[in-house]
Amino acid sequence: MTALFIALERPIDGFDPYVLGHALSLACDDLEVLAAELKVTPLMHFFGEDVSDAAWDEDEVAEDDADELPEERWFAAADGVRTIDTLLQRLSANPKAINGGPAVIKELQGWRQVLERAAEEGVAWHLEIDF
């Protein structure tokens, strides 16, 4: 089962940021189209692969290809909240706008809570993929 999840740049004391993003991973393409239609940053724009946790083994990458490994990127939590709020507004009005709408809404609401807390704490974030 593939899932998207939020990774925080640093831990927040006493706060667990994990919200399973399985429905979000299944609806990724639909959410991309919806974000473009709503003129907001698509969720996958916030992807910031952590090379140390990558699915490949850095030792197995040819030396010539080592420079092509993605660099870790972090984003302001408030930017993610803006995207999620816009998506939630549309999906709450029409949950059937995408496949799995109710599950996607539930996961987006969980992500919003995480990112809202991260914004309050000044903690950056990015998306990662759990295979």
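Author: This is a predicted model, and of the 131 residues of its chain, 40% count as buried.

Reader: Which order do the elements of the chain follow from the N terminus on?

Author: The chain has four helices and two strands. Among contacts in the chain with a separation of 6 or more, 73% are accounted for by residues 24 or more positions apart. Read from the N terminus on, the order of the elements is β-α-α-α-α-β.

Reader: Which element gives the most to the largest nonpolar core?

Author: The largest nonpolar core has 33 residues, and those with the most contacts inside it are L31, L43, V104, L108, W111 and W125. Two or more residues come from each of β1, α1, α2, α3, α4 (101-121) and β2 (125-130). With seven residues, the element that gives the most to this core is α4.

Reader: Which residues does L43 touch, not counting residues up to four places away in sequence?

Author: L43 is one of the residues with the most contacts inside the largest nonpolar core, and L31 and L108 are also among them. Leaving out residues up to four places away in sequence, L43 touches L24, L31, T83, I84, L87, L108, W111 and L127.

Reader: How are α2 and α3 oriented to each other?

Author: Two packed helices are described by the angle between their axes and the distance between the axes. The axes of α2 and α3 come within 10 Å and cross at roughly 100°. Angles of 65 to 115 degrees count as roughly perpendicular, so the orientation of α2 to α3 is roughly perpendicular.

Reader: Is F5, which pairs with Y18, buried or exposed?

Author: F5 and Y18 form a tilted aromatic pair, with 6.3 Å centre to centre and 45° between the planes. The pair links distant parts of the chain, since F5 is in strand β1 (residues 3-8) and Y18 is in the loop between β1 and α1 (22-26), 13 residues apart. Y18 has 44% relative accessibility and therefore counts as partly exposed. F5, because its relative accessibility is 18%, counts as buried.

Reader: What kind of pair do the rings of F46 and F75 form?

Author: F46 and F75 both lie in the loop between α2 (28-38) and α3 (77-93), so their pair ties together parts that are 29 residues apart in sequence. F46 counts as buried at 2% relative accessibility, and F75 is buried as well, with a relative accessible area of 13%. Ring pairs link F46, F75 and W125 into a cluster. The ring centres of F46 and F75 are 5.3 Å apart and their planes stand at 90°, so the pair is edge-to-face.

Reader: Which residues does S25 touch, not counting residues up to four places away in sequence?

Author: S25 is found in helix α1. Because its relative accessibility is 18%, S25 counts as buried. Leaving out residues up to four places away in sequence, S25 touches T2, A3 and L4.

Reader: What is phi of K39 near?

Author: K39 lies in the loop between α2 and α3, and K39 is exposed, with a relative accessible area of 74%. Most residues other than glycine have a negative phi. K39 is a residue other than glycine with a positive phi, near 60°.

How values were computed. Residues are numbered from 1 along each chain as its sequence is written. This is a predicted model: local features need pLDDT of at least 70, side-chain atom pairs count only at pLDDT 80 or more; totals for chains, interfaces and linings use all residues. Side-chain values use heavy atoms; hydrogens and water are left out. Rings of Phe, Tyr and Trp (its six-membered ring) pair if their centres lie within 6.5 Å; planes under 30 degrees apart count as stacked, over 60 as edge-to-face and the rest as tilted. Buried means under 20% relative accessible area, exposed over 50%, partly exposed in between (1.4 Å probe, protein chains only). Axes are lines fitted to C-alpha atoms, for helices over the stretch in contact, and angles run from 0 to 180 degrees between N-to-C directions. Angles under 35 degrees count as roughly parallel, over 145 as roughly antiparallel, 65 to 115 as roughly perpendicular and the rest as oblique. A nonpolar core is a set of buried Ala, Val, Leu, Ile, Met, Phe, Trp, Tyr and Cys residues joined through side-chain atoms within 4.5 Å. Contact means heavy atoms within 4.5 Å.
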